[in-house]
Amino acid sequence: MEGWHRTQNGRKMSTAVGFTGYRLTEARRARGVTAADLASIVEVSVQSLSKYENGHQTPRHDTVDRLATALGFPRQYFFRPQPSLDQRPVFWRSKLTALTTDLDRAAVRLEWLKETVDYLGEFFDFPALSILDFDTPRDPTRISTDFLEDAAFRVRAAWGVRGGPLPDVLEKVEESGILVSRIHVRAEKVDAFSQWSDRFGIPFMMLSRDKASAARQRFDALHELAHILFHRHVTFKHLSDRSTYKLLEKQADTFASFMLLPEPDFLDELYAPTLDGFLSMKERWGVSVGAMIMRCKSLDLLDDISAKRMWMNYTRRGWRKGEPFDGKMEKESPHLIRRSFELLLEKEVQTVSDIRSALPFPLEDLEELADLEPGTLGAPTQKRAEPTLKSELENQHGNVVSIFDRKR
C-alpha cells in the first residue's frame, strides 16, 4: 500500500504504509547504532528518525531503502508487525558492569529467537517442559547452600546421571524442554542470559559464542539453568538491588559447581588439590581449572592463603587468558532449532525462500541463531584471500618449475 504527502515544493511523495516503527528501533539496537548516527547516515533529521520509531510519522519508500541498507536488514523486516513482549525479567551475567548498548543488542536476538520458535511451532512439536518443581522460597535471599546442593543431586538423578562427570549439558537442557541458542554477543561482559517466557510458557537460554571455552560454556548453561529453576519469581525490584543481584549470581554459580563437581565423586578422583592435579581432570570432567579451584575452596580443601597463592600461580602461567586444552575440547551445540530447519528443507516442507520470507531477519543472524552452517539459508560465506597468477603467466607453464621435477 502507498500513502502520499506533499513536500514544500508541492511534489507528491509516496510513504511506506505499513512501516513499523518498533522494527526500526529494534534494528538500530541490534546494530548498536545511536539515533543520531543513523540519522546522519541516512540523511534525515534526528527528530524525523524519532518520529519514525515512535509511529508519529511514516517514512518515504526511498528512506526505508536507505535505512535497510545502512543497517544491513531486508526491507521486508521493517513491515513486520510488532510481537507481544514478555514482561518477566531477563537474567544477565555481569549485568552490573555490562554496557546498556551490549544488553540491548543481545536482547533483540532473544526476541528474534522467540519469533523463530513461533514460526517453527507451525511445523513441529518440541519436547514438553519437564523440569523439576522445587519448593523454592519466594524470597530468593532464603535459598540456602544446602538447598542448592540437594537440588543439584536431584537434577542429576532426573537426568539419569548417577555419578561422575556430566554428559552433554545442552542435550540434557533441551531434553528438559528449554530452548537454547548461541550467538556472538560481541560484548566483554555478556556471557549468557535467560528468560522465562509467559508467551510460550517455557524458558529460553542464550549462550555466547565469543570467548567461552567448552568448559566455560557448560558452566554458563548450568548457571542459567539455576535462574530458570530457582529464580522464576524474582522481580525487577530484586534485580535492581545490587546486593540481591550479586546473591542470585552467587547462587547460580554454586548450583553449577554442585552439578559439575559433586563432592563425593570429585574428591574420589582428585589425587591432589594442585593446578596440575586439576588439569589432569579437566578433559574428562569438562570443567575448567578455575572452577575446580573455587570448588576446592568451598569444600575447605584450600584455605584463603592457599587459594590466593594458587590463583597467583594460575595467573603466572597465563591461564586467565586461556587454559590448556581449551582449544582441544569441543563445545557442545544446541540441536533442536537447527534440526528443525534442516528437516523443513530435507522434507521440502519449506523452501529457503519460504523461510527467508517468513523470518526476514539478517541472514547471518538467522543462521547463527539456528546454529546452521553459514550459507545454509543463503548468507554470504567468507572466503580466504587467494593470490592471482599474472595474466602473462597464465598459459606459460614453461616459466613454472615444479619442485617435484627437480633432480635429487
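Helix 13 (residues 289-298) and helix 14 (residues 304-316) have axes that come within 10 Å of each other and cross at roughly 175 degrees. Helix 13 is therefore roughly antiparallel to helix 14, since angles over 145 degrees count as roughly antiparallel. These relations belong to a predicted model. On the helix 13 side, the contact is made by Val-289, Gly-290, Ile-293, Met-294 and Lys-297. Their counterparts in helix 14 are Asp-304, Ala-307, Met-310, Trp-311 and Tyr-314.

**Pockets**

Met-294, a residue of helix 13 in the contact with helix 14, is also one of the residues nearest the centre of the largest pocket.

In the second largest pocket, the lining residues closest to the centre are His-184, Glu-364, Glu-367, Glu-368 and Pro-374. The elements that each give two or more residues to this lining are helix 1 (21-31), helix 5 (100-120), helix 15 (336-346) and helix 17 (363-369). Of these, helix 17 gives the most, with four residues.

| Pocket | Volume | Lining residues | Nonpolar | Polar | Charged |
|---|---|---|---|---|---|
| Second largest pocket | about 560 Å³ | 23 residues | seven nonpolar | three polar | 13 charged |

**Confidence**

What confidence does the chain average? The mean pLDDT of the chain is 90, and 91% of the residues score at least 70. Which elements mark the lowest and the highest confidence in the chain? Strand 1 (residues 2-6) is lowest, at a mean of 49, whereas helix 7 (residues 169-175) is highest, at 98. Residues 400-408 have a pLDDT below 50. Beyond near neighbours in sequence, this stretch has one contact in the model.

Technical notes
Residues numbered from 1 in each chain as written. Predicted model: local features only at pLDDT ≥ 70, side-chain atom pairs only at ≥ 80, totals over all residues. Heavy atoms only, no water. Axes fitted to C-alpha atoms, helices over the stretch in contact; angles between N-to-C directions. Parallel < 35°, antiparallel > 145°, perpendicular 65-115°, else oblique. Contact = heavy atoms within 4.5 Å. 1 Å grid on protein atoms, 1.4 Å probe; cavity = no way out; pocket = protein on both sides within 12 Å on 5 of 7 lines; lining within 4 Å. Points joined across faces, edges and corners; volume = space filled by probe spheres on them. Nonpolar A, V, L, I, M, F, W, Y, C, P; charged D, E, K, R; others polar. pLDDT = per-residue confidence, 0-100.
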